[in-house]
Amino acid sequence: MKLAIATLFLIMISRISGWVVKSPLVKSSIMVVRSYSRSEISMKLQTGIVGLPNVGKSTLFNALVGSEAAQAANFPFCTIEPNVGLVNVPDKRLDRLIEINKSEKGISATMEFVDIAGIVKGASEGAGLGNKFLTNIRMTDAIVHVVRCFVDDDVIHVDGNVDPVRDMEVIGLELIFADIAQIEKRLEKARKDKKGSPVELAALEKANEALMGGKPARLAGLNDEEKESIKSLMLLTLKPVIYAANVPDSDLANGNSMSKLVFDQAAKEGCRAVLVSAQVESELTGLNEDEKKEFLDALGVSDENCGLRALVRTSYDMLGLQTYFTSGPQETRAWTIQKGFTAPQAAGVIHTDFEKGFIRAETISYNDMDRLGSEKSVKEAGLLRSEGRDYVMKEGDIVLFRFNV
């Protein structure tokens, strides 16, 4: 820890004249875009950030979006309205393709974070700031649950002491209670409707049984058709959850006894967990790449295995997502699709006309392009492929779609 602080201090001294002071925004509900030297937006993954008050949610949010717009203070409910931040997904492959094709611009895939007020026991019944704030994350694709894994007498804990498993259970139960309220009326109506969908009724019965037993809906054993039938309910406990164990900087490399409890509990629930340090992420904001590497090296971690990159990688994996690219002199762009998408389906992400009039996909693997250094060299090596309608897209494919409207 002392080494990390010393490193950061030296970095600060070396560039005092270069610091930029950001004025915090007055508005409590905001949209922030963090740039990674890209332009425009292709498509985004939306993730809700939840947790008890004072666990580091807003500090982490601020760092991820490169802003101090979300309030981060040592008192409960300092975030009143949801803060929304849009970040470009860092991907070194995009940089390489821009370099190879000398593209005029690059467009990243994006990820949206929604930071809501801290949830407390009884929130589903109106305690704290009430379940109004749970509604703000029903539209998200996944939930990042920040869990406090540090002891600091100067930072108030809403329950008086730090207990990661208890804290996880408090939030988990509030999400379950909120879903029970969401499902009750729908289930009652489905039971009475003789002409209703038997698939929906079965899904509602299974989900309700799990919820009433204190389990999240994602453990109800629903098949894909059943999940689709109740999709409109936007059940919180049906969403994938990533537990972010927020540790001190000194524990970011290997975690601590509290973060181990988080990882163990996540495994029991069939969820994933990552190590983060909101304070480290905050300190990294404003440093250039060389300074970031120097600072992280002092902590024994790499940029690839912490913070935004770890959250993005875990989110993509849990949601079954992958990336393909379109690239040329004018533009290189990253596109996010579901694993298992065929070439026409991937083309449809760009425009529905591409899918309807699909002819073929001229495809190069990223590894071949990176290794050979140009499209011309790839063609000369016989590695440019012409794929048809049944081709299943692979991670990192570089594609030119041929279509006819």
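**Burial and strand pairing in the predicted model**

Apart from neighbours within four places in sequence, Ile398 is in contact (heavy atoms within 4.5 Å) with Leu97, Phe325, Ser327, Glu362, Thr363, Ile364, Ser365, Tyr366 and Met369. The model is predicted: local features need pLDDT of at least 70, side-chain atom pairs count only at pLDDT 80 or more, and totals for chains, interfaces and linings use all residues. Residues are numbered from 1 along each chain as its sequence is written, and side-chain values use heavy atoms, with hydrogens and water left out.

Ile398 belongs to strand E13 (residues 398-403). Helices (H or I, at least four residues) and strands (E, at least two) are DSSP runs, numbered from the N terminus. Ile398 has a relative accessible area of 7% and is therefore buried. Buried means under 20% relative accessible area, exposed over 50%, and partly exposed in between (1.4 Å probe, protein chains only). Ala334 is 64 residues from Ile398 along the chain, and their C-alpha atoms are separated by 9.3 Å.

Strand E6 (residues 142-148) has seven of its seven residues buried, so E6 is largely enclosed by the rest of the structure. Both of its faces are covered. Ala142, Val144, Val146 and Arg148 form one side, and Ile143, His145 and Val147 the other. Strand E7 (residues 241-246) is also mostly covered, with six of its six residues buried. On one side of E7 lie Val241, Tyr243 and Ala245; on the other lie Ile242, Ala244 and Asn246.

E6 and E7 pair in the parallel sense over six bridges. Pairing requires that DSSP find at least two bridges between two strands. Ile143 stands opposite Val241 of E7, and Val147 has Ala245 as its bridge partner in E7. E7 also runs parallel to strand E8 (residues 272-276), joined by five bridges. Here Tyr243 stands opposite Ala273 of E8. E7, helix H8 (residues 257-268) and E8 make a right-handed β-α-β unit. A crossover is right-handed if, with the strands pointing away from the viewer, the path from the first strand over the helix to the second runs clockwise.

Asn256 sits in the loop between E7 and H8. Its relative accessibility is 18%, so Asn256 counts as buried. The Asn256 side chain reaches the backbone oxygen of Cys149 at 3.1 Å and the backbone nitrogen of Met258 at 3.0 Å. Beyond neighbours within four places in sequence, Asn256 is in contact with Cys149, Val247, Pro248 and Asp251. Cys149 is itself buried, with a relative accessible area of 0%. Cys271 is buried at 9%. The whole structure has zero disulfides (pairs of cysteine sulfur atoms within 2.5 Å).

The largest nonpolar core has 72 residues. A nonpolar core is a set of buried Ala, Val, Leu, Ile, Met, Phe, Trp, Tyr and Cys residues joined through side-chain atoms within 4.5 Å. Phe113, Tyr243 and Val262 have the most contacts inside the largest core. Not counting residues up to four places away in sequence, Tyr243 touches His145, Val147, Met168, Val262, Ala266, Glu269, Cys271, Arg272, Ala273 and Val274. A second, separate core of 16 residues includes Leu204, Ala207, Leu211 and Leu235. In soluble globular proteins, nonpolar side chains tend to be buried together.

Helix H2 (residues 57-65) is mostly covered, with eight of its nine residues buried. The buried residues of H2 are Lys57, Ser58, Leu60, Phe61, Asn62, Ala63, Leu64 and Val65.

Terms used: A polar contact is a pair of N or O atoms within 3.5 Å; within protein, one must be able to donate a hydrogen and the other to accept it, and residues adjacent in sequence count only if both atoms are side-chain atoms.
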